[in-house]
Amino acid sequence: MKIIVQKFGGTSVATPQTRQLVVKKVKEAVDGGYAPIVVVSAMGRRGDPYATDTLIEMLRSVNPDPDVHELDLMMACGEIISSTVMASTLQKEGFKAKALTGGQAGMVTDGNFGNAKIKTVRPKTLKTLVEQGIIPVICGFQGVTDMDGSITTLGRGGSDTSAAAFGVAVDAEKVEIYTDVDGVMTADPRIVSDAKIIKQISYDEIREMAHQGAKVIHPRAVEIVMRYGVPMVVKSTFSDAPGTLITTDDKIDTLESQDDVESNHASGVASLKDLSFFQVDLSQDTSNNGSRVFKDLASHGVSIGSLSFQPQSLMFAVYTVNAPKAEEVLKAEGYHYTLTKECAKVTVVGSHMGGTPGVMARFVGALTAAGVKILQTTDSDNLVSAIIEERDVKTAVCALHSAFATQEGE
């Protein structure tokens, strides 16, 4: 039996009309010989009656600082409503379907309310329903603790993460993530008007794009399917576009012409805003090479990125919300530093970026030609990044997208 997991986001299940499109996608899976397992998000977005943000605002109108146990219980209600409505819609259309909470479907988590980590998925109930010809319609974003069965939520991107975990647990042929865009784009189409759909991309590349600011899918979901080699497809509920296939490097279609290798190794451009950039003077720190800075920042819960270390200086970026804590640490340790606020990071992601001659030259050249001031560059095997001023993000993303046009989008 070929099992497929289909996850539908909030806009896909928000109205009777969009739910009929969900029914169409489920029917297509059945007609294709698959046994579908459906995972749903809460209906709609902020302001809609049953959206998660609306439920949070309702609870905080009663108590601005609710206990995390009650907060998770309230947030889980959106998916419960969505799963029961979607299961009933499928039943009305002639399908056997059954709504399940995350816990009923076998999702077991730790007790970290609001950002729970998955401990295991017990797939017995799901496999039994599938064998009986029943379509499970599962609440995404949630699970239960093993100790006392308390409902927990998985944090940002939790429904994608749920779908990935259920897909692995039932040995699914693939996991489909349905959203309101036609697939993963070469850049944010709100910034780059000619951004195109990427037909295929590796796990590593999409994970990097997600970490660097692309919001189409959460990196936790990618990491789960990548670990077990389950293909994932990002596609639209609202069109018949084939979407973007996410799989291993060795299953990505090879280029037809070797002449295209140099111009087509990049997959996409992503950006992150709300950063602050620190340059720390280590010239007087001859004893520990700044190691004290890392320890103290970590102990204060400050995560750093874009790290560049030299014998007499240290450069890194933090989210702006954490900049005051970082300054507090640096002042307490007596370090001299400069701080640049209102920064951003722009990144080109692609396979073997770090090992390809000329990539950094093209990257820096594109930004320089566009008049973008570069504060710092970093690179790895799969990406090249720069810290820039936030006001230049649109210019930088457009320039890099033009310089690193990808085969997938052509």
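Start at the polar contacts between domain 1 and domain 2: six residue pairs, both at pLDDT 80 or more, are in polar contact. Such a contact is a pair of N or O atoms within 3.5 Å; within protein, one must be able to donate a hydrogen and the other to accept it, and residues adjacent in sequence count only if both atoms are side-chain atoms.

This is a predicted model: local features need pLDDT of at least 70, side-chain atom pairs count only at pLDDT 80 or more, and totals for chains, interfaces and linings use all residues. Residues are numbered from 1 along each chain as its sequence is written, and side-chain values use heavy atoms, with hydrogens and water left out.

Now color the two domains. Select 1–245 for domain 1 and 264–402 for domain 2; the bounds come from an automatic or database domain assignment. Their centres, taken over C-alpha atoms, lie 33 Å apart.

Next, show the interface. Here 16 residues of domain 1 are in contact with 19 residues of domain 2 (heavy atoms within 4.5 Å). The buried area is about 1400 Å², and carbon and sulfur atoms give 62% of that. Buried area is the accessible area (1.4 Å probe) that two parts lose on being put together, summed over both.

Pick out Ile191, Glu205 and Gln212. They supply 46% of the area that domain 1 buries against domain 2, more than any other three residues.

Last stop: Ser308. Find Ser308 in strand β14, residues 305–310 (strands are DSSP E runs of at least two residues, numbered from the N terminus). Show Ser313, Leu314, Met315 and Gln376: Ser308 touches these, not counting residues up to four places away in sequence.

Definitions and conventions. Helix = DSSP H or I, 4+ residues; strand = E, 2+ residues; numbered from the N terminus.
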